[in-house]
Amino acid sequence: MKKTMLVALMMVAIASLVLVSMAQQAQQGGQRRGGGGMMGGMNFQQMREARDKAMNGLIENVAKLKTMQEAGATGMQNRADFQNMSEEERNQWREARTKQREEQTKLYQDIESQLLMLKGPRQMVTDHRTAMEELTAIRDQAEAEKATKTVEMLNKLMETKQAAYDNMLKTLGFMPPQQQ
């Protein structure tokens, strides 16, 4: 039941992101984008193709995830027999469950990347800037209070967040924005 709800919630989230993505594309009115900038030289058509690819990948990955969860539910019904299994059967069952969890984790990571692609670079930049501005305000307050350890920790956190953000943009095929 919970797994079915999870899959249903994921489908709703995907559908809403697809609708938001389509609305953004409609607002842009098919304008072409020049080389460079946030999209790494991608023009509108290339960006649209990348988003289409992400949507198709989402559909495939959610279907795979649903199939895996249904198979897992079937496996859970046989769990009562776990006590009656030999040690070798238990080890095989554990190995199969570990492999399934690893596959699910990979699917979740793929889904997350595809959702980010649908979200688009503008929204990612806005979210990142907002988060960094909040951290900067906290750091500035800590500096005013002469809390040097807190300032050091915040600087380290901000560097880590910036590096992760730049890496994510690079992974998705976007170029990090020029630092101002």
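What share of the 180 residues in the protein chain is buried? Buried residues make up 29% of them. The model is predicted.

**Overall architecture**

The protein chain holds 5 helices and 0 strands. In sequence order the pattern reads α-α-α-α-α. The chain exposes about 12400 Å². Carbon and sulfur atoms supply 55% of that area.

**Nonpolar cores**

In soluble globular proteins, nonpolar side chains tend to be buried together. Here the largest nonpolar core has 20 residues. Met117, Met124, Leu172 and Phe174 touch the most other members. Four helices each supply at least two residues of this core: α2 (44-77), α3 (87-119), α4 and α5 (148-172). The largest share, 8 residues, comes from α2.

Met124 shows how one of these members is placed. Leaving aside neighbours within four places in sequence, Met124 is in contact with Leu116, Lys119, Tyr165, Met168, Leu169, Leu172 and Phe174. A second, separate core has 6 residues. Ala142, Val151, Leu154 and Met158 are among them.

**Helix α4**

Helix α4 covers residues 121-144, 24 residues in total. From first C-alpha to last it reaches 34 Å, close to the 34 Å expected at 1.5 Å a residue. The buried residues of α4 are Pro121, Met124, Val125, His128, Met132, Leu135, Arg139 and Ala142. An α-helix has 3.6 residues a turn, so residues three or four places apart point the same way. The list of buried residues in α4 includes Met124 and His128, and also Met132, Leu135, Arg139 and Ala142. Met124 belongs to the largest core, whereas Ala142 belongs to the second one. Just after α4, Lys146 takes a positive phi of about 60°.

**Salt bridges**

Side chains of opposite charge can pair when their charged atoms come close. How many salt bridges does the model contain? The count comes to 4.

| Glu87 | Arg94 | 3.8 Å |

Are the residues of the Glu87 pair buried or partly exposed? Glu87 is partly exposed, with a relative accessible area of 49%. Arg94 is partly exposed too, at 37%.

The third pair in the table reads otherwise. Asp140 counts as partly exposed at 37% relative accessibility, but Arg139 is among the buried residues of α4.

**Arg139 and Met153**

Where is Met153 found? Met153 lies in helix α5. Met153 and Arg139 are 14 residues apart in sequence, with 9.0 Å from C-alpha to C-alpha. Is Met153 buried or exposed? Met153 counts as exposed because its relative accessibility is 60%, and exposed means over 50%. Arg139, by contrast, is buried.

How values were computed: Residues are numbered from 1 along each chain as its sequence is written. This is a predicted model: local features need pLDDT of at least 70, side-chain atom pairs count only at pLDDT 80 or more; totals for chains, interfaces and linings use all residues. Side-chain values use heavy atoms; hydrogens and water are left out. The expected span of a helix is 1.5 Å times one less than its number of residues. Buried means under 20% relative accessible area, exposed over 50%, partly exposed in between (1.4 Å probe, protein chains only). A salt bridge is a side-chain nitrogen of Lys or Arg within 4 Å of a carboxyl oxygen of Asp or Glu. Accessible areas come from the Shrake-Rupley method with a 1.4 Å probe; for residues, only the protein chains shown count as cover. A nonpolar core is a set of buried Ala, Val, Leu, Ile, Met, Phe, Trp, Tyr and Cys residues joined through side-chain atoms within 4.5 Å. Contact means heavy atoms within 4.5 Å.
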